[in-house]
Amino acid sequence: MKPYSRMRGLVAGTLTTFGLLLVSATQAIAFTYSLDSTSHSSNATATGASATVDFNFTDIGTGKVQLDLDFVNTTGTLTSGSFGEGATSSKLTGIAFDIFSDITVESYTLTGKLDTFTTDVRFNPFSKQVGTFDIGFADNKKFVGGNPNGALASGESASATVVLHAPQNAVDLRERFRAAFESEGLNIAARFQAVNAGSGSDKLLGGTVDPFNPPPKDIPEPAVVSGLGLMLGFMKVRKKRSSKSSSKGT
């Protein structure tokens with residue numbers, strides 16, 4: 001076989017392999033949910049306490065999606081300025097939201113001050129309107145009550161990882177959650193204490209899904225990129241050797 005034929009076959013095989021690796025690459029898709037001036041406050045006038053939650057979805061196996069959550073207390077840090085009573089500091093003591101009935105939680109890991117995972121959260125006064133929330137993350141053994149000193153202060157963040165049994169892959173599940181939050185088919189709420197404005201505490205229901213995030217993309221894992229580099233390096237070596245062999249032959 002001529003050197004250039006071997007090289008052409010190697011290139012084709014390499015590209016095919018890399019294409020398969022890209023297809024199987026982990027998909028990590030995110031959107032941000034903001035609880036802010038667009039939310040419904042439990043007070044006649046909102047205190048100005050606010051928060052965001054990042055939802056990141058990753059395929060980790062057949063029928064399993066990893067949901068990574070990042071909670072941030074954004075009170076006093078919103079670029080649009082203050083709202084309501086103009087709070088600049090607060091303690092975020094809990095966030096709760098609904099999930100779909102055909103999804104179950106297999107496991108969870110919590111990092112930071114929202115260190116309690118709970119289910120069937122009763123969150124007054126919103127429970128009268130929307131019932132209980134499916135899952136919640138709080139700073140103490142129960143979602144309501146307790147001393148807020150150890151809760152998430154303004155500018156602080158916490159995270160959680162939840163493994164879900166789901167009928168969709170990460171891309172489809174991301175869009176399903178995003179659309180349901182946007183239409184209020186799924187509910188989400190946050191609780192604040194030690195707020196330095198208004199009544200001193202607040203609860204927010206609903207809000208806004210960040211419309212500016214880019215559309216979901218397949219993101220190759222670092223190992224995939226490294227693998228491509230190794231394959232391209234191997235191709236370069238083979239090409240040099242083939243060139244040398246041709247020169248010797250002449």
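Me: Over how many bridges do strand 3 and strand 4 pair, and in which sense?

Reply: Strands of a sheet pair through backbone hydrogen bonds, either parallel or antiparallel. Here strand 3 and strand 4 pair in the antiparallel sense over ten bridges. Two strands are said to pair if DSSP finds at least two bridges between them. Helices (H or I, at least four residues) and strands (E, at least two) are DSSP runs, numbered from the N terminus. One place to look is Thr52, which stands opposite Val72 in strand 4. The hairpin of strand 3 and strand 4 has two residues between the strands, and in this hairpin Gly63 takes a positive phi near 75°.

Me: What kind of model is this, and from where are residues numbered?

Reply: This is a predicted model, in which local features need pLDDT of at least 70 and side-chain atom pairs count only at pLDDT 80 or more, while totals for chains, interfaces and linings use all residues. Residues are numbered from 1 along each chain as its sequence is written, and side-chain values use heavy atoms, with hydrogens and water left out.

Me: How many helices and strands does the chain have, and what part of the chain is buried?

Reply: The chain has four helices and 13 strands. Of its 250 residues, 40% count as buried; buried means under 20% relative accessible area, exposed over 50%, and partly exposed in between (1.4 Å probe, protein chains only). Among contacts with a separation of 6 or more, 74% are between residues 24 or more positions apart, where contact means heavy atoms within 4.5 Å.

Me: In what order do the six strands of the open sheet run, and which strands stand at the edges?

Reply: The order is 6-10-4-3-1-13, with antiparallel pairing. Strand 6 (104–111) and strand 13 (208–209) each have a single partner strand, so one side of each is left without a neighbour in the sheet. Strand 1 and strand 13 pair over two bridges, and Tyr33 stands opposite Val209 in strand 13. Helix 3 packs on this sheet, touching strands 1, 3, 4, 10 and 13, and its direction makes about 15° with that of strand 1. Axes for such angles are lines fitted to C-alpha atoms, for helices over the stretch in contact, and the angles run from 0 to 180 degrees between N-to-C directions. Strand 1 also pairs with strand 3, antiparallel, over eight bridges; Phe31 has Phe55 of strand 3 as its bridge partner.

Me: Which residues of helix 3 are buried, and what caps its N-terminal end?

Reply: An α-helix has 3.6 residues a turn, so residues three or four places apart point the same way. In helix 3 the buried residues are Ala170, Leu173, Arg174, Phe177, Arg178, Ala180 and Phe181. Asn169 caps the N-terminal end, with a side-chain oxygen 3.2 Å from the backbone nitrogen of Val171. Just after the helix, Glu184 takes a positive phi of about 65°.

Me: Which residues have the most contacts inside the largest nonpolar core?

Reply: In soluble globular proteins, nonpolar side chains tend to be buried together. A nonpolar core is a set of buried Ala, Val, Leu, Ile, Met, Phe, Trp, Tyr and Cys residues joined through side-chain atoms within 4.5 Å. The largest has 43 residues, and those with the most contacts inside it are Phe55, Leu69, Phe71, Phe137, Phe177 and Phe181. Helix 3 gives the largest share of this core, five residues. Leaving aside neighbours within four places in sequence, Phe55 is in contact with residues including Phe31, Leu69, Phe97 and Phe181.

Me: Is Ile60 buried or partly exposed, and what is the case for Leu204?

Reply: Ile60, in strand 3, is partly exposed because its relative accessible area is 39%. Not counting residues up to four places away in sequence, Ile60 touches Val65, Gln66 and Val163. Leu204 lies in strand 12 (residues 202–205) and counts as buried, at 1% relative accessibility. With sequence neighbours up to four places away not counted, residues touched by Leu204 include Leu35, His40, Phe126 and Phe192.

Methods. A polar contact is a pair of N or O atoms within 3.5 Å; within protein, one must be able to donate a hydrogen and the other to accept it, and residues adjacent in sequence count only if both atoms are side-chain atoms.
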